[in-house]
Amino acid sequence: MSKRNKYKQNLKRRLDQQAARRPPKPPKEPPGLNLGYHNAATVILPAYQSVQIIVAGCGGIGAYVVQHVGRLMRVLYEDHRGVNLTLADPDKVEEKNLGRQLFCDAEVGEAKSVALARRYGQAWGLNTIAFIGEYSEKLIYGQADLVVLVGCVDNPAARAALHETLANNPERLGPNAPPHIWWLDCGNAKDTGRVLLGSAYGPDQCHGAFFEPRKCVALPSPALQYPSLLIPGREEVPGELSCAEMQLANLQSLNINAAIAVQAADFLTRLLVTNDLKRYQCAVNLASGSVKSFYCTPEEVAREIDRPVDFVVRKDEPEFDQAAVIDHVRTLALQAAAGEAL
């Protein structure tokens, strides 16, 4: 045997001996499955026959949202439910909006809310009101069983007004006191964005939100989920770029507004029509082509408001057994009578 072959043979033997002494590597665990959707509760609304949908902001995202809401309203009409759509925006359609927001040349110079109300209200026969100005709580006319605020604004003052409206919901949840005002907030950056749903003005309004297994009657306000919504960002400081100007400067994706509006429309459809909404938040990233949702579980909601899980789960009260109480009182009375006889 040559020296080279002998060396190889000895080296192989030593490597085999080392491998035998070395403990085997544990098998790699497969990535954990996200069971959030499987374990999620369904958002339960109070019974309603009429609903008012208020879209605050009719620009980049809002114009697309109104289109989807119009189709949703036709479905609710067929179900014999009353729906009012209120549109609020202080701005007019400008040349720079064309092609990037859902407006046409004939609408240049017209108020955005009026243009959309005419387009969908009159053409589709929808009950629509246009308001030229910022959102105000006074736009809620008070006759609807349910109010859904759809925020498509890009400034903290408008979001603060939407958040403050939720203070009109009951302070404490109960079987006969569910929240009747909900806020769906939509926002985006360059090619990312989020949709957030909530009803609770403060953490206390989430107490006992999960009153039955797989049923949720309240969710934290978007401002509780993301307190930064109420803090001015660079694009929200007076004198900085508007949403349309950001698009023109290539600082915003051409398709991000429509992508966020599609997610918002799905939230509304599942909340108002199919009654199978199980998520309260989603994040969209067009660059990676991903959508990540956060589901309505006690763990997620408790984390959003920094409370223990038991805080958001309503515990069943012990049943009142009237017959047992009567028997107990009779027993006590007999014992007292026996004591007096002695």
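Analyst: The expected span of a helix is 1.5 Å times one less than its number of residues. The model discussed here is a predicted one. Helix H8, which covers residues 256–274, has 19 residues. From its first C-alpha to its last, H8 reaches 26 Å, close to the 27 Å expected at 1.5 Å a residue. The buried residues of H8 include Ile256, Asn257, Ile260, Gln263, Phe267, Leu268, Leu271 and Leu272. Several alanines also belong to this buried set, namely Ala259, Ala261, Ala264 and Ala265. After H8 comes Asn275, which has a positive phi, near 55°.

The aromatic rings may be taken next. A pair of aromatic rings is described by the distance of the centres and the angle of the planes. The structure holds 2 aromatic pairs. One of them joins Tyr37 and Tyr295, whose ring centres are 5.7 Å apart; their planes stand at 70°, so this pair is edge-to-face. The pair links distant parts of the chain, for Tyr37 belongs to helix H2 (residues 36–39) and Tyr295 to strand S10 (residues 290–295), 258 residues apart.

Tyr120 and Trp124 form another aromatic pair, with ring centres 5.0 Å apart. Their planes are at 65°, so this pair too is edge-to-face, given that an angle over 60 degrees is required. Both residues lie in helix H4 (residues 112–124), and because they are 4 residues apart, about one helical turn separates them. Tyr120 is buried, with a relative accessible area of 4%, whereas Trp124, at 30% relative accessibility, counts as partly exposed.

A further ring with a charge over its face is that of Tyr48, where Arg81 lies at 4.4 Å from the ring centre.

Asn97 is found in the loop between strand S3 (82–89) and H4. Its relative accessible area is 2%, so Asn97 is buried. The side chain of Asn97 reaches the backbone nitrogen of Glu94 at 2.7 Å.

Key: Residues are numbered from 1 along each chain as its sequence is written. This is a predicted model: local features need pLDDT of at least 70, side-chain atom pairs count only at pLDDT 80 or more; totals for chains, interfaces and linings use all residues. Side-chain values use heavy atoms; hydrogens and water are left out. Rings of Phe, Tyr and Trp (its six-membered ring) pair if their centres lie within 6.5 Å; planes under 30 degrees apart count as stacked, over 60 as edge-to-face and the rest as tilted. Helices (H or I, at least four residues) and strands (E, at least two) are DSSP runs, numbered from the N terminus. Buried means under 20% relative accessible area, exposed over 50%, partly exposed in between (1.4 Å probe, protein chains only). A charge sits over a ring if NZ of Lys or CZ of Arg is within 6 Å of the ring centre and within 35 degrees of the ring normal. A polar contact is a pair of N or O atoms within 3.5 Å; within protein, one must be able to donate a hydrogen and the other to accept it, and residues adjacent in sequence count only if both atoms are side-chain atoms.
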